[in-house]
Amino acid sequence: MDSSERRKSGLNLPAGMSETSLRLETFSGSYRAISNLSSPSKATSCSDRFIPCRSSSRLHTFGLIEKASPVKEGGNEAYFRLLKQELFGSDFGSSSPAGQGSPMSPSKNMLRFKTDHSGPNSPFSPSIFGPDSGFSSETSTPPKPPRKVPKTPHKVLDAPSLQDDFYLNLVDWSSQNVLAVGLGTCVYLWTASTSKVTKLCDLGPSDSVCSVQWTREGSYISIGTHLGQVQVWDGTQGKKVRTMSGHQTRTGVLAWSSRILSSGSRDRNILQHDLRVSNDFVSKLVGHKSEVCGLKWSHDDRELASGGNDNQLLVWNQHSQQPVLKLTEHTAAVKAIAWSPHQSGLLASGGGTADRCIRFWSTTNGNQLNHVDTGSQVCNLAWSKNVNELVSTHGYSQNQIMVWKYPSMTKVATLTGHSLRVLYLAMSPDGQTIVTGAGDETLRFWNIFPSMKTPAPVKDTGVWSMGRTHIR
């Protein structure tokens, strides 16, 4: 076709293509243009590219196997869901679950058909995290916060002449809420409910107080002296009931059972006193090779634990004159001793400067259950009767007070305030407050344990006002 013919037809056709080669074919009511380019050798058929519709492709029925991350197991589900929606369309991410009668669902045997559980439209909704994803409501619940312990004492008493001597025991709190303190040659009583101070006795210039211990009923108090005597006083009437001798030198530690008063001395002996008989003592326990500085009866009165400057912890029973257990793992003097009120036969002990460890023992078989290095000299131990925790006081080199949770031995609190070794410790009858004494001549009262009824932190009472007062 020449140029005049192309102009006449109104079509601008390429060279070599005639108007008769262009035709329309009809397929099922739709039209498609087919261009046949004439060629001397062969004809070529051209068509437009095919764009699929992903919404009808049913890609969600094919099991795309996902491997969970070894680091964050179950944590990639949201990412994969969002990625699939971006790649395959929104219909893929919100596919209906199997078993709902979808006519488009093929056989489950086809390429591991994947049962897709229905989820919310938004990939960021919390409910898309399944129970195995690590984001369940149970694991997302915040842990219970630890109990808060006040870091400062709520009351401070001046205690002039409170001796800085590791082997003495000069502070005890009675079951009738009266605090006894040995200061020099005198014993003073401080009534906690009224803050009233009473001078119980004065031993005179030739003697001094080395230990004090209330009976369990809180009516009578025993006093160990520098000359080796053991005196028993009626704390209510302020009268001396009895004086017992037997020790050759100072009596630094005392312990009451229901009927027996035990006393430990620098003469290395333990004497058993029975106020119902006239003799000064009914038996003598010999086992330590140095001064006896720790002494505690078990809560059932069946066993007596004693610690000495010979680094030994000995356990005696009611009827034996020889120790039934000799525990020698400590490498320093054992003054700190405490029996658990929660478990029979569980004993805790603390060692001095060269040892620094709190050790736990089963007196049933003599095994050491656990031990922890506290980092400083252990001066005292006391077990809470309200919760399964214990408190320890320390000397060289940090002079701290520590509260521990048993049996994990995690630290609940660390309290500081004393400038010298915290040598003395006693607990209030309700088990919530402790009093600590040190060579800095102060007594400090700390609220550290909850009440037995409720686990809430103990609040300061109006009876004890803040500030420093004198105990004499």
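I looked up Glu291 and found its side chain in a salt bridge with that of Arg266, 3.6 Å from N to O. I count a salt bridge when a side-chain nitrogen of Lys or Arg is within 4 Å of a carboxyl oxygen of Asp or Glu. The pair links distant parts of the chain, 25 residues apart: Glu291 is in the loop between E16 and E17, Arg266 in the loop between strand E14 (260-265) and E15. Strands here are DSSP runs of at least two residues, numbered from the N terminus.

The model is predicted: local features need pLDDT of at least 70 and side-chain atom pairs pLDDT 80 or more, while totals for chains, interfaces and linings use all residues. Residues are numbered from 1 along each chain as its sequence is written, and side-chain values use heavy atoms, with hydrogens and water left out.

I checked accessibility next. Glu291 counts as buried at 6% relative accessibility, and Arg266 as partly exposed at 41%. Buried means under 20% relative accessible area, exposed over 50%, and partly exposed in between, with a 1.4 Å probe and protein chains only. Shared partners join Asp165, Arg250, Arg266 and Glu291 into one network of salt bridges.

I then followed Glu291 to Arg250, where the closest N and O atoms of their salt bridge are 3.0 Å apart. Arg250 sits in the loop between strand E12 (239-244) and E13, 41 residues from Glu291. Both Glu291 and Arg250 are buried. My search of the whole structure gave 11 salt bridges.

I looked at the strands E15 (residues 269-274) and E16, which pair in the antiparallel sense over four bridges. Pairing requires at least two DSSP bridges between two strands. Leu271 has Lys284 of E16 as its bridge partner. Strand E16 (residues 283-286) has Ser283 and Leu285 on its covered face, and Lys284 and Val286 on the uncovered one.

I ended with the largest pocket, which holds about 1,200 Å³ of space. A pocket is an open set of points on a 1 Å grid over the protein atoms alone, where a 1.4 Å probe fits, with protein on both sides within 12 Å along at least five of seven lines; lining residues have an atom within 4 Å of a point. The volume is the space filled by probe spheres set on the points. The lining has 41 residues, and Asp172, Trp173, Gln213, Lys296 and His299 lie nearest the centre. Strands that each supply at least two lining residues include E5 (171-173), E9 (209-214) and E17 (292-297).
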